[in-house]
Amino acid sequence: MKNGIHPDNYRLVVFKDMSNEDMFLCKSTADTKDTIEYEGSTYPLIKMEISSTSHPFYTGKVKLVDTAGRVDKFMNKYKKFAQ
């Protein structure tokens, strides 16, 4: 491994899946201004929209997430091509 190419500022950070409120603690260099109390200590917080606890590949559950009506807009746009 080359010296001097890896960051030195690793710290414990809580990652929170906003879709199911699941949280896990991991080392990271990601910057954040949010903090959260987790297991009796305060840690920096990184909010995620999806993680392995909510992703359909890992859970086996298909969940359609439609933000701002994208699916309806797509269906209406291509309805004329349906057979």
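The exercises below work through one predicted model, each with a stepwise solution. Residues are numbered from 1 along each chain as its sequence is written, and side-chain values use heavy atoms, with hydrogens and water left out. Because the model is predicted, local features need pLDDT of at least 70 and side-chain atom pairs count only at pLDDT 80 or more, while totals for chains, interfaces and linings use all residues.

**Exercise 1. Confidence**

Find where confidence is lowest and where it is highest in the chain.

Solution. 
- Start with the scale: pLDDT is the predictor's confidence in each residue, from 0 to 100.
- Take the chain as a whole. The mean pLDDT is 83, and 87% of residues reach 70 or more.
- Go to the elements. Helix α1 (residues 56-59) has the lowest confidence, a mean of 69. Strand β3 (residues 35-38) has the highest, at 94.
- Apply a caution. Where pLDDT is low, predicted coordinates should not be read in detail.

**Exercise 2. Fold and surface**

Solution. 
- Read them in order. The pattern is β-β-β-β-α-α.
- Check burial. Of the 83 residues, 18% count as buried. Buried means under 20% relative accessible area, exposed over 50%, partly exposed in between (1.4 Å probe, protein chains only).
- Finish with area, from the Shrake-Rupley method with a 1.4 Å probe; for residues, only the protein chains shown count as cover.

**Exercise 3. Aromatic pairs and a patch**

Classify the aromatic pairs, then locate the nonpolar patch.

Solution. 
- Set the rule. Rings of Phe, Tyr and Trp (its six-membered ring) pair if their centres lie within 6.5 Å; planes under 30 degrees apart are stacked, over 60 edge-to-face, the rest tilted.
- The structure holds two such pairs.
- Phe-15 and Phe-24 are stacked, at 5.5 Å centre to centre and 15° between the planes. Phe-15 is buried at 13% relative accessible area, whereas Phe-24 is partly exposed at 34%.
- Phe-74 and Tyr-78 are tilted, at 4.9 Å and 45°.
- Tyr-78 is partly exposed, at 36%.
- Phe-74, Met-75, Tyr-78 and Phe-81 form a nonpolar surface patch with about 460 Å² of accessible area together. Patch residues have over 30% relative accessible area and no salt bridge; like charges are joined within 9 Å, nonpolar side chains (Val, Leu, Ile, Met, Phe, Trp, Tyr) within 5 Å. A salt bridge is a side-chain nitrogen of Lys or Arg within 4 Å of a carboxyl oxygen of Asp or Glu.

**Exercise 4. Loop backbone**

Inspect phi at Glu-21 and at Glu-39.

Solution. 
- Recall the background. Most residues other than glycine have a negative phi.
- Glu-21 has a positive phi, near 65°. Glu-21 sits in the loop between β1 (11-17) and β2 (23-28), partly exposed at 47%.
- Glu-39 has a positive phi too, near 50°. Glu-39 sits in the loop between β3 and β4 (41-48), exposed at 68%.

Note on methods. Helices (H or I, at least four residues) and strands (E, at least two) are DSSP runs, numbered from the N terminus.
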